[in-house]
Amino acid sequence: MITLQDRPTILADGALLSQEEAQARGIDVDAAHKETLAARILSAHSKPSDRDDLLHVTFDALVSHDITYVGIIQTARASGLTRFPLPYALTNCHNSLCAVGGTINEDDHLFGLTAAQKYGGTFVPTNLAVIHQYAREMLAGCGRMILGSDSHTRYGALGCMGVGEGGPELVKQLLSRTYDIPRPQVVLIWLENAPRPGVGPQDVALAIIGAVFKNGFVKNKVMEFAGPGVASLSVEYRCGIDVMTTETTCLSSIWVTDDKVQQYLACHGRQDDFKKLDHTAPAAFASVVRVDLARVEPMIALPFHPSNVYPIAEVQKHARDIFATIDENARKQFGATAEAFSLCNKIHDNEVQVDQGIIAGCAGGSFENLTLAAAILEGKSTGNAAFSLSVYPASEPQALALVQNGSYAKLMAAGALIKSAFCGPCFGAGDTPAHGALSIRHSTRNFPNREGSKPGNGQLSGVALMDARSIAATAANGGRLTKATDLDWDKLSCSLDYHFDAGIYQRRCYQGYGNPKPETKLVCGPNITDWPTMSALPEHLLLRVCCVITDPVTTTDELIPSGETSSLRSNPRKLSEFTLSRRDPQYVSRAKAVQALETARLANAEDPALVQSVQDMCAPLEQADAALWQRLFDHKSLADMGIGSTIFAVKPGDGSAREQAASCQKVLGGWANLAEEYATKRYRSNLINWGMLPFLLTPGLGQQLQDGDCVLVPDVRRAIEDKADSLQAWILHEQTARPVTLSLGALTEDERTIILNGCLINFYRNGN
């Protein structure tokens, strides 16, 4: 089904050649590295660089939703924004559920509208489209690049490289700066044959994720899709695979384009945005993922990660053994909270009984998925027991088409609930299942609490990712887990002909690009606040460890939860109160105690009591390195000694692009993260853009840390100024002081300057 070939491969005239075979044919392999679609697009979007391995990328458009655009625009305003220099679409598909008695979400939407008017942007009103569907329908074009403040910014199936990053990277584009990245490796995703009826895009995506996530096969690389199997897939099918490439931790994706893509763009009134992208010259790739589409089975990603993948048939056959392992892992991770959560309890009469089904958002809510789901459910019933099914279209134009082709009538008659375009089920803001329940979803993620449960409060449910076809088959079977290939597809009847009605957007969306109205006053509700003042990097740092996480991977949902906290994203201080709340509820109080010391230091660095307190924290150093102790403390002043908090996690930052996973730590006085590696490039970038040091520790060392330990980093500012790759520090534990080497990884010149300034806002305020 999936074969990984971890060796250089050259695609020439439709054949995959080894490097030796290519050279024997006289192919210039070095030149061939520049002929991948990714390399060609990146080259066309990069400004000149004095380093061949470093790209300075500019994008064609930006996209943000209503959880992120307020913070981005506020950061850009503080940094000198006067207008949007490129198309910027502000969608409203996340903070769309307004709490009873509160105005926060609608206040954010009004801010977004007035910002689009003032600076010249596009405003897509609430529930009109999810962010990525709007971009597919109205922005993505062949050979383009789009940067989005959402991790699932992926438009490769339309020949457009999408990159999901934290907000500060969009701020750089708004200020006409560049996206600076090392030249990425490109991995060929070679598709062969065609999928069987009943196998959908989520099945293909999950099979790929299961093969490449844990081994980091495509981490921070570009996935390039080609091969004879591409032609067998509709454009919406391709988009359904493409959007899930985010879960592999790749940087971006790109596909060859053909007549189907041309027809798709023409259908949306954008014929001129088509360009045929193909490998007309030999192209060299770092490695290959070969996918035999004909052998892909209906798949399921069980709790609590998209890479926890099994064929549905295997789960049906060995459910008790598989579920027992997941239940045991849940108890290890969540303790007593997991006692009431048991997948084994979902087995009845040797069948798996599901409690809820959801088909939604940028991954599941397509016209094609919902039309096929309706065909499967026609004349059937979802039943009157606990199982329920909800469907969310990806956009209002698609919803209208589903009304016109009768799909909505079929779904409603079967008992499905029809919702509007909304991303809530993907991040815990809609259709939260009951405690202990199992929900099957064609959405993007199934992290713990991603569906809305709160393990820290004793509430835990589980999500399994599946394709819409198998979800509909399960719904038609009363909630008993069923794979769509069990159906008789010859008896299903439906038309996938689609007509796009552009009038919906023309009537409701504000289109202001190129026509800013600077006289417009921004409307800021009471929850919209400015970023607090942040200090430049001091000469030395004393870091107190306020949280130690030894799980193999830590998601951004654990660093700052989604769901009910989303409304506070435009209020940095209020949001910071929830930092790590679902993972370590005591973190905030610990971090605040450290921040109080720094506040006191900034007010009076020579306060004898404060100096004595810091000396007591560092007391073990006096015996270990008397000369360093004397240099740091004998002058009885802390003017050069910054005091901040830090966390350790083995591999933090998997999942969402949300910058708040880093900025909330900074608002609470965080100065660094300690890690063995960073799960994604975007999380590490978020740390840097908020002036936090992305330290790396030798594997195993950080897991020995305890809450309350201190890490003293002398001469840290000089090390950054001198472009050091690593620096010497001390771990202070009780009465012991142990030397340790902290690595920084590769930093660009701008990234070093941002860290020295204390954050991106300071970087721009200081004239950089």
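The model is predicted, so local features need pLDDT of at least 70 and side-chain atom pairs count only at pLDDT 80 or more, while totals for chains, interfaces and linings use all residues. Residues are numbered from 1 along each chain as its sequence is written, and side-chain values use heavy atoms, with hydrogens and water left out.

**Aromatic rings**

- Rings of Phe, Tyr and Trp (its six-membered ring) pair if their centres lie within 6.5 Å; planes under 30 degrees apart count as stacked, over 60 as edge-to-face and the rest as tilted.
- The count by this rule is 14 aromatic pairs.
- F225 and W255 are stacked, because their ring centres are 4.1 Å apart and their planes are at 5 degrees.
- This pair links distant parts of the chain, with F225 in strand 13 (residues 222-226) and W255 in strand 14 (residues 252-255), 30 residues apart; helices (H or I, at least four residues) and strands (E, at least two) are DSSP runs, numbered from the N terminus.
- Both F225 and W255 are buried (under 20% relative accessible area, with exposed over 50% and partly exposed in between; 1.4 Å probe, protein chains only).
- Y392 and F422 form a tilted pair, because the centres are 6.4 Å apart and the planes at 45 degrees.
- Y392 is buried at 5% relative accessibility, and F422 is buried with a relative accessible area of 5%.
- F84, Y88 and Y119 are linked into a cluster by ring pairs.

**Charges over rings**

- A charge sits over a ring if NZ of Lys or CZ of Arg is within 6 Å of the ring centre and within 35 degrees of the ring normal.
- The charged end of K118 is over the ring of Y119, 5.9 Å from its centre, and K651 lies over the face of F213 at 5.7 Å from the ring centre.

**Nonpolar cores**

- A nonpolar core is a set of buried Ala, Val, Leu, Ile, Met, Phe, Trp, Tyr and Cys residues joined through side-chain atoms within 4.5 Å.
- The largest core has 122 residues, of which Y88, L174, I189, L191 and V291 touch the most other members.
- Helix 8 (residues 201-212) gives this core its largest share, 7 residues.
- A second, separate core of 49 residues includes F304, F387, A414 and I440.

**Strand 12**

- Strand 12 (residues 186-192) has 6 of its 7 residues buried, so it is largely enclosed by the rest of the structure.
- Strands pair if DSSP finds at least two bridges between them.
- Strand 12 pairs in the parallel sense with strand 13 over 5 bridges, and V186 stands opposite V222.
- Strand 12 also pairs in the parallel sense with strand 16 (residues 287-292) over 6 bridges, where L188 stands opposite V288.
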